Amino acid sequence: MEIGIDSFATAIAPPGSGVDIQPNHLMGNLLEQIELADQVGIDVFGVGEHHRKEFLDSAPAVILAAAAARTQRIRLSSAVTVLSAADPVRVFEEFATLDLLSNGRAEIVAGRGSSIEAFPLFGFDLEEYDALYAEKLELLLKVRAETYVKWSGKYRPPLTGQGVFPRPLQNPLPIWVGVGGTPESFIRAGTLGLPLMVAIIGGEPRRFRPLIDHYREAGARAGHAPETLKVGMHALGFVGDTTRQAAEDYFPGYMHTFNKIGRERGWPPVTRAQFDALRGPEGALLIGDAETVAEKILHMNETLGGLSRLTFQMTVATLPQAKMLHATELLGTKVTPLIQKELAFVSPRKKM
């Protein structure tokens, strides 16, 4: 199992926290974290895509390109690319360029996006949310497979044999399908034989097992080998020296951010009791000391039928940089070895 970190380049903190959220400082902090993640053995680092003032990740490929110049081995991914509101040709060109800059470490997680601000910003109709995604994923895969592309669709001018350059170092460039809880999305990914990244940020992860089973069944029906049907999980998490300290560090920002966004979406206010329940054995939050977090990851792995990758979203809100770096170090030097030992597996990157 690969262990990774996802970031939304968050620029929001609870009132009175004293945390520095100046954008240029936060970008420097993010690059420092990615550099450390590379050094301590984290397998992959993902940067999300949002188009609102609380997050600085509207151009993830640019951030990842800066990270590529400061790292050697860690894989660099989107988390996720909002493909429904993007031009697939441009997305491919950006990540192919990133692949060359990183010497073959780029990946795309292509999703529809849980935040809707990209649709009006780029002139797309939210009512066509799924149709946009289906067509654009088709084109992205077409561009990945062919240099000179002939294609036509509803939402973009046709391609009549134009070349798409540069071509990536990796062949093929890895493309994951990012999903939430829609059964059709799981089945689509399985039918296409693409690896699946499931965002589980609340509730009990076991409720996703039937959907993951649908993904694997759809892949088998389409003739894809089981080893190609990889499942990843994106979860909210944070690692501290003690479970209590990790929870105390994480909760204020978690509550502040979820309450702010929740007011926009009609969610009830977050309570400490709910947070603590989600930290329990069957809840979705991965918060605690290294042993607690590793044990819970292994439980999720078994519950979901085997995970190829698990990525931590540690920046629901901006935390002091020293705490972020310490959590990153613990994840790489403590949590990952515990998981590898239990699964008796060493990732290919660790063999380099």
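The largest pocket of this predicted model is lined by 47 residues, and Phe8, Ser114, Ala199, Ile201 and His234 are the ones that lie nearest its centre. The space in this pocket amounts to about 1,000 Å³. By class, its lining comprises 21 nonpolar, 19 polar and 7 charged residues. Helix H8, which spans residues 243-265, gives the most to the lining, with 4 residues.

**Closed cavities**

The structure also holds 3 cavities of 30 Å³ or more. In the largest cavity there is about 50 Å³ of space. Its lining consists of Pro205, Arg206, Pro281, Glu282, Gly283, Lys296, His299, Met300 and Thr303, which divide into 3 nonpolar, 3 polar and 3 charged residues.

**Overall fold**

The protein chain contains 11 helices and 12 strands. Its radius of gyration is 19 Å, close to the 20 Å that the globule rule gives for 352 residues, so the chain is as compact as a globular protein of that length. Along the principal axes, the C-alpha atoms fill a box of roughly 60 × 45 × 40 Å. Of the 352 residues, 56% count as buried. Among contacts with a separation of 6 or more, 72% are between residues 24 or more positions apart.

Helix H6 covers residues 183-192, and its buried residues are Ser185, Phe186, Arg188, Ala189 and Gly190. The elements that cover these buried residues include helix H5 (129-145), strand S8 (175-179), strand S9 (196-200) and H7. Just after H6, glycine 193 adopts a positive phi of about 70°.

Valine 177 is located in strand S8. With a relative accessible area of 1%, valine 177 is buried. Apart from residues up to four places away in sequence, valine 177 touches Val109, Ala110, Tyr133, Leu137, Ala189, Leu194, Pro195, Leu196 and Met197. One of these, Ala189, is also among the buried residues of H6. Valine 177 and threonine 242 are 65 residues apart in sequence, and their C-alpha atoms are 34 Å apart in space.

Leucine 229 occupies the loop between helix H7 (209-221) and strand S10 (231-239). Its relative accessible area is 7%, and leucine 229 is therefore buried. When neighbours within four places in sequence are left aside, leucine 229 is in contact with Gly190, Gly193, Tyr215, Arg216, Gly219, Ala220 and His224. Gly190 belongs to the buried residues of H6, and Gly193 is the glycine with positive phi just after that helix. Leucine 229 and serine 308 are separated by 79 residues in sequence, yet are 9.4 Å apart in space, C-alpha to C-alpha.

Threonine 336 lies in helix H11, residues 321-343. Is threonine 336 buried or exposed? Threonine 336 counts as buried because its relative accessibility is 2%, which is under the 20% cut-off. A polar atom of the threonine 336 side chain lies 2.8 Å from the backbone oxygen of leucine 331.

**Backbone features in loops**

| Feature | Residues | Angle |
|---|---|---|
| Cis peptide bond | Alanine 79 and valine 80 | Omega about 5° |
| Cis peptide bond | Asparagine 171 to proline 172 | Omega near 5° |
| Positive phi | Alanine 9 | Phi near 50° |
| Positive phi | Asparagine 103 | Phi about 60° |

Valine 80 is placed in the loop between strand S3 (75-78) and strand S4 (81-82). Proline 172 is found in the loop between strand S7 (159-163) and S8, the strand that also holds valine 177.

Alanine 9 is in the loop that runs between strand S1 (2-7) and helix H1 (23-39). Asparagine 103 is in the loop between helix H3 (88-101) and strand S5 (106-111). Which of these two residues is buried, and which is exposed? Alanine 9 is buried, with a relative accessible area of 8%, whereas asparagine 103 is exposed at 61%.

Technical notes:
Residues are numbered from 1 along each chain as its sequence is written. This is a predicted model: local features need pLDDT of at least 70, side-chain atom pairs count only at pLDDT 80 or more; totals for chains, interfaces and linings use all residues. Side-chain values use heavy atoms; hydrogens and water are left out. On a 1 Å grid over the protein atoms alone, a cavity is a set of points where a 1.4 Å probe fits but cannot get out, and a pocket is an open set with protein on both sides within 12 Å along at least five of seven lines; lining residues have an atom within 4 Å of a point. Grid points are joined across faces, edges and corners, and a volume is the space filled by probe spheres set on the points. Helices (H or I, at least four residues) and strands (E, at least two) are DSSP runs, numbered from the N terminus. Ala, Val, Leu, Ile, Met, Phe, Trp, Tyr, Cys and Pro count as nonpolar, Asp, Glu, Lys and Arg as charged, and the others, Gly among them, as polar. Buried means under 20% relative accessible area, exposed over 50%, partly exposed in between (1.4 Å probe, protein chains only). A polar contact is a pair of N or O atoms within 3.5 Å; within protein, one must be able to donate a hydrogen and the other to accept it, and residues adjacent in sequence count only if both atoms are side-chain atoms. The radius of gyration is taken over C-alpha atoms; the globule rule is 2.2 Å times the number of residues to the power 0.38. Contact means heavy atoms within 4.5 Å.
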